[in-house]
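Please examine the sequence and the structure shown here.

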Amino acid sequence: PNHHKNVPPMVTQIIDGLTKRRLLPTDGNSENRSLPTVLLYDDKGLNLFDRITYVPEYYLSECEIDVLKTSTREIVAEIPNDSDVIELGCGSLRKTQLLLDALDQMRSGITYYAIDVMPMPLHSALGTLAEKYKNITFVALCGTYDEVLTHFKKATRRKTLLWLGSSIGNNSRAESIEFLSSITDNALVANDGIIIGMDRKKDPDVIMAAYHDSEGLTNQFELNALSHVNNLISEYTATLKGLIAADSVADGIFDVEKFCYTGDYDEVVGRHSAYLEAREDTMISWPRDLAPAVERICGNSSDIAIKRGERIYVESSYKYGKEDFEILAQGSGLVHSAEWSDSRSYYSLNLFRK
Ligand code: AVJ
């Protein structure tokens, strides 16, 4: 049978990342197996991340809310009447509402677009907002940013994009430039703006604490990527057998117990990296039904021996300094035109204009 031709993209990426070692974006010489960062965000991961945003050590969310509160007027001053506000990622309504409160009172003719890949949370969230803010028109757009943003190319109204939550931090500097360049070229016209929430470079101890909280939520959050892999793999092999996922007997490929979360901060680059580290020697064994796919992707389907101490890379969290704002702006065809930060300058919202 040739069913292995239809391996889902995520399963392909998992196999690829685990069978090949790669250099990290800007690292010296450490080559690591890796897992796609998006694996952190299944239902359990989303829930864990939401809880992380409330732990004291994870200052990012608290700071962003602080900036939105203290700089509301200045931010709104950059958003004209009769314009479009477009949020990338449905985000946390906790934050968005701070801005919407002000826009509702101080502006007229605002249309707020929320773009997300997941349809459900989007619609339920916007329903509530439309009730609350009578002066704002709400539109939910479902799809990838690339798919959706091109629809704004021909729009005649002024627009301001919002990209909050330090989501940009998960991209390497080169990936961020690539992403913003494509937005600049495909969705913005002269004078349109994009407001980006960015974590500032700071005392490494503060950053390390944020990613190693004392409640152990970050630990659970990162390790959950392995359980997510196990679920995806067993779901996929179940469909190959013609079973529904619930009947799946396979347990996946990772012995999750054998791993722990480790992270480190590179002060020069300004990047926290998260890894899943083997606590003892362990094997990644491919289910028999997956073997053809593994073979096609990496040439052979033999089990992988992971030595104690080997680290599988899963996430980068990039931090920004003044010079990085400029490099990002210039590389993306934008101008860095304002920065609003909290009292400690831990975190800032940055306005870039085309
Ligand atoms: C959601 C990408 C901003 O990198 O700080 C939190 C995710 N990872 N704790 C971040 C995360 C570990 C978070 N972002």
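**The ligand and its surroundings**

Around the ligand there are 13 residues, of which Y58, G165, Y211, E315 and S317 come nearest; a residue counts as near a molecule or strand if one of its heavy atoms lies within 4 Å of it. The model is a predicted one, in which local features need pLDDT of at least 70 and side-chain atom pairs count only at pLDDT 80 or more, while totals for chains, interfaces and linings use all residues. Residues are numbered from 1 along each chain as its sequence is written, and side-chain values use heavy atoms, with hydrogens and water left out.

A polar side-chain atom of Y211 lies 2.5 Å from a ligand oxygen. For Y58, the distance from a side-chain N or O atom to an oxygen of the ligand is 2.6 Å, and for S317 it is 2.7 Å. On its own the ligand has 350 Å² of accessible area, and the protein covers 96% of that; such areas come from the Shrake-Rupley method with a 1.4 Å probe, and for residues only the protein chains shown count as cover.

Two or more residues of the shell come from each of α10 (217-240) and β12 (311-318), and α10 gives the largest share, three residues. Helices (H or I, at least four residues) and strands (E, at least two) are DSSP runs numbered from the N terminus. By class, the shell holds six nonpolar, five polar and two charged residues; Ala, Val, Leu, Ile, Met, Phe, Trp, Tyr, Cys and Pro count as nonpolar, Asp, Glu, Lys and Arg as charged, and the others, Gly among them, as polar.

**A serine in α12**

Helix α12 (residues 322-332) contains S332. Why does S332 count as buried? Its relative accessibility is 3%, and buried means under 20% relative accessible area, exposed over 50%, and partly exposed in between (1.4 Å probe, protein chains only). A polar atom of the S332 side chain lies 2.6 Å from the backbone oxygen of L328. Leaving aside residues up to four places away in sequence, S332 touches I177, L180, S181 and T184, contact meaning heavy atoms within 4.5 Å.

**Strand β7**

In strand β7 (residues 193-199), seven of seven residues are buried. One side carries G193, I195, G197 and D199, the other I194, I196 and M198. Strand β6 (residues 159-163) pairs with β7 in the parallel sense over four bridges, where pairing requires that DSSP find at least two bridges between the strands. W163 has I196 of β7 as its bridge partner.

Conventions. A polar contact is a pair of N or O atoms within 3.5 Å; within protein, one must be able to donate a hydrogen and the other to accept it, and residues adjacent in sequence count only if both atoms are side-chain atoms.
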